[in-house]
Amino acid sequence: MFSFLPFDAPSARSGRGGDDGGWEQAQLPAAQELFWRERYLSEPYFVAGRGYDQYQPAYALGWHAAQQLDRSILNTPTMASLAFAAQDAQLSVQWNQRVSASFLTWGQARDAARAAWMQALCPKAMPSRKDSDLQPQVLALLLAVYMAGRQTLEAVISYRGAKHNKAMGQTLQRIQLEMQGLLEELKQILPAQALQQHMHSEKKRPAGLEMLQDVWRDALFLQDESVSDIQRSLQTWFNSYLAISLDAVSLKLAHQLKRHMLTLRGHITAIQWMDSGAA
């Protein structure tokens, strides 16, 4: 039903002669290159730790392979999807024969190739959303993220054991500074009025009582929070980000939230490693 010719793209290789080039050398049109560079972090198949360079060959494969088909009869998502499924085996062969720099298997690259294939046959403009136009549900979730972050920061600050473990203390100090940066970014995103209402509703302990409790903890070497408590709090904060649909926010904000999640994942790993080493 669908004819397909193996893609060679001799003109797409950047200054390399012979047959030593591969899919990793294939160039996308400038508009598509920009599209996927800005988009890939928000794609459902994105895996933390994988850079654009690993996905680019898959985008090139999907895009250029789709150009060989008759787009006049494959201009609906259903037909384009069926065409991709019909060519999956041949695309897999092309991927395995030509790709060397991506380090992804075809199973790991398939969704990215399919995304570029679909974009070539049924192009969709990237949604233009402003952070100020966030839906009420998204704002509520972002506010929950902010509050979870504040609670996590308080857990880190309350951990008194850092005074007796220099390495852990240095790690938590760095994490605390980065957490404060994340919270400041979230404050810039959230409407001031909504944030003030939540902050006003919080019950604060008298300052004198807080100071007295601090003195007691320091004298008795007590810890408000354990390392496990901090890990759980960080994980809760991380999970609160997962509740937000990145398709419902601007691309800029989606990238920002992804970066926050990667940062928190790094903090969780660092504390786990430090705690394991201390044990």
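## Where α6 meets α9

On the α6 side, Met168, Leu172, Met179, Leu182, Leu183 and Leu186 touch Val227, Ile230, Leu234, Trp237 and Tyr241 of α9. Sort that contact by class and you get eleven nonpolar residues, with no polar and no charged ones. Keep in mind that this is a predicted model.

As for the geometry, α6 covers residues 166–189 and α9 covers residues 227–242, and their axes sit 14 Å apart. The packing angle is about 25°. Angles under 35 degrees count as roughly parallel, so α6 and α9 are roughly parallel to each other. The crossing of α6 past α9 is left-handed.

## Where α2 meets α4

Next up are helix α2 (residues 52–67) and helix α4 (residues 106–121), whose axes come within 7 Å. They cross at roughly 45°, and α2 and α4 are therefore oblique to each other. The handedness here is right-handed.

Who does the touching? From α2 it's Tyr55, Ala58, Tyr59, Leu61, Gly62, Trp63, Ala65, Ala66 and Gln67. From α4 it's Trp106, Ala109, Ala112, Ala113, Ala116, Trp117, Gln119, Ala120 and Leu121. By class, this α2 and α4 contact splits into 15 nonpolar and three polar residues, with no charged ones.

## The two pairs together

How values were computed. Residues are numbered from 1 along each chain as its sequence is written. This is a predicted model: local features need pLDDT of at least 70, side-chain atom pairs count only at pLDDT 80 or more; totals for chains, interfaces and linings use all residues. Side-chain values use heavy atoms; hydrogens and water are left out. Axes are lines fitted to C-alpha atoms, for helices over the stretch in contact, and angles run from 0 to 180 degrees between N-to-C directions. Helices (H or I, at least four residues) and strands (E, at least two) are DSSP runs, numbered from the N terminus. Angles under 35 degrees count as roughly parallel, over 145 as roughly antiparallel, 65 to 115 as roughly perpendicular and the rest as oblique. A crossing is left-handed if the near helix is turned anticlockwise from the far one by less than a right angle, and right-handed if clockwise. Contact means heavy atoms within 4.5 Å. Ala, Val, Leu, Ile, Met, Phe, Trp, Tyr, Cys and Pro count as nonpolar, Asp, Glu, Lys and Arg as charged, and the others, Gly among them, as polar.
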